[in-house]
Amino acid sequence: MTTVVPAALAGERVDRVVAMLTDLPRSEVTTLVADGRVTLDGRAVTTKSRRVAEGEELSIDLPAPGAVELVPEPDVDVPVVFADEHVIVVDKPPGLVVHPGAGNATGTLVQGLLARFPDLAGGDDPSRPGIVHRLDQGTSGLLMVARTPAAHTALVAQLVSREVERLYLALVVGHVESPAGVVDAPIGRSGSDPTKMALRRDGREARTRYEVQRRFDEPVPCTLVRCKLETGRTHQIRVHMAAIGHPVVGDPRYGSSRGLKAPRPFLHAVQLSFDHPATGERLTFESPLPPDLEKVRGRLR
């Protein structure tokens with residue numbers, strides 16, 4: 001991985017910057033620095049506390065991913081709303097990470113599912129068997145998982161051809177004036193902060209449709225909107241709604257920590273529709289708002 005240090009990260013310790021960019025824990029970053037695998041402008045970094053400067057070229061020689069051995073974890077609670085021999089639909093609780101990654105080696109949705117469905121399979125990445133799409137850790141709601149390689153291929157094809165319908169409920173800051181609309185703007189990694197996503201001309205195509213469900217005035221103006229994803233980019237709804245001046249409530253990363261308080265971004269995957277990968281039957285699932293978000297909505301007038 002090579003990147004030019006942006007102004008937003010100037011003055012930060014190099015180990016912190018590497019940790020943010022790679023999602024690796026500090027202990028692993030320390031090892032990378034000690035092994036000479038982190039360079040600035042072509043010179044190996046010898047001190048992890050070294051401060052980076054704007055415009056320096058930071059290179060990180062990441063080790064090749066090793067073999068992944070997933071251990072089923074029956075203690076990980078994964079609510080299943082549908083399952084047959086081809087596909088599983090779960091109602092992901094907030095806070096649960098979908099699959100193992102840097103900093104989250106255990107306790108994920110995948111490991112919880114493996115305890116119930118040891119035959120889970122599909123996809124090229126052994127650390128995420130069956131995973132077709134994902135939800136952010138702080139987002140709750142419906143997620144489909146393939147149980148066989150054939151089902152995985154079929155569901156991915158439906159995502160690509162936009163035959164999968166994914167609807168979310170989001171509470172956003174302020175009054176959204178238009179009763180419905182579409183945000184059609186490409187998304188890529190932020191140039192000023194590589195740990196965030198942003199609208200970029202050179203980003204990937206991204207399109208979000210929204211429809212106002214209800215506007216609230218108290219305790220602060222906000223709007224409940226239903227969002228439909230036509231693409232599936234990282235943080236898509238959060239970035240798009242912030243871009244039109246209405247960030248998701250409870251999402252300081254793309255909005256503000258001031259205003260209406262929420263325990264997490266107010267974003268819930270409320271409905272999921274797709275064709276069954278074996279029978280072709282159209283399936284639709286719905287999930288009500290979870291208690292933590294229902295409590296926030298209950299305070300609105």
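H235 is found in the loop between β13 and α5 (236-243), where helices (H or I, at least four residues) and strands (E, at least two) are DSSP runs numbered from the N terminus. This is a predicted model, in which local features need pLDDT of at least 70 and side-chain atom pairs count only at pLDDT 80 or more, while totals for chains, interfaces and linings use all residues. Residues are numbered from 1 along each chain as its sequence is written, and side-chain values use heavy atoms, with hydrogens and water left out.

**Backbone**

- Most residues other than glycine have a negative phi, and most peptide bonds are trans.
- H235 has a positive phi, near 60°.
- H235 counts as buried at 17% relative accessibility; buried means under 20% relative accessible area, exposed over 50%, and partly exposed in between, with a 1.4 Å probe and protein chains only.
- R162 also has a phi near 60°, a positive value in a residue other than glycine.
- R162 sits in the loop between α4 (149-160) and β8, and counts as partly exposed at 39% relative accessibility.
- The peptide bond from E218 to P219 is cis, with omega near 0°, and P219 is placed in the loop between β12 and β13 (222-229).

**R207 and its surroundings**

- R207 belongs to strand β12 (residues 207-216) and is buried, with a relative accessible area of 15%.
- The side chains of R207 and D184 make a polar contact at 3.4 Å. Such a contact is a pair of N or O atoms within 3.5 Å; within protein, one must be able to donate a hydrogen and the other to accept it, and residues adjacent in sequence count only if both atoms are side-chain atoms.
- Leaving out residues up to four places away in sequence, R207 touches residues including R162, V182, V183, K228, E230 and H240; contact means heavy atoms within 4.5 Å.

**Aromatic pairs**

- The whole structure holds two aromatic pairs. Rings of Phe, Tyr and Trp (its six-membered ring) pair if their centres lie within 6.5 Å; planes under 30 degrees apart count as stacked, over 60 as edge-to-face and the rest as tilted.
- F82 and F285 form a tilted pair, 5.4 Å centre to centre with 50° between the planes.
- F82 lies in strand β5 (residues 80-83) and F285 in strand β15 (residues 282-286), so the pair ties together parts that are 203 residues apart in sequence.
- F82 is partly exposed, with a relative accessible area of 23%, whereas F285 counts as buried at 13%.
- Ring pairs link F82, F274 and F285 into a cluster.

**Nonpolar cores**

- The largest nonpolar core has 46 residues, of which L109, L113, Y168, L171, V225 and F266 touch the most other members. A nonpolar core is a set of buried Ala, Val, Leu, Ile, Met, Phe, Trp, Tyr and Cys residues joined through side-chain atoms within 4.5 Å.
- Strand β8 (residues 165-173) gives the most to this core, with six residues.
- Apart from this core lies another, of 14 residues, among them V89, L142, L159 and L272.
- Not counting residues up to four places away in sequence, Y168 touches residues including L135, T139, V225, I237 and V270.
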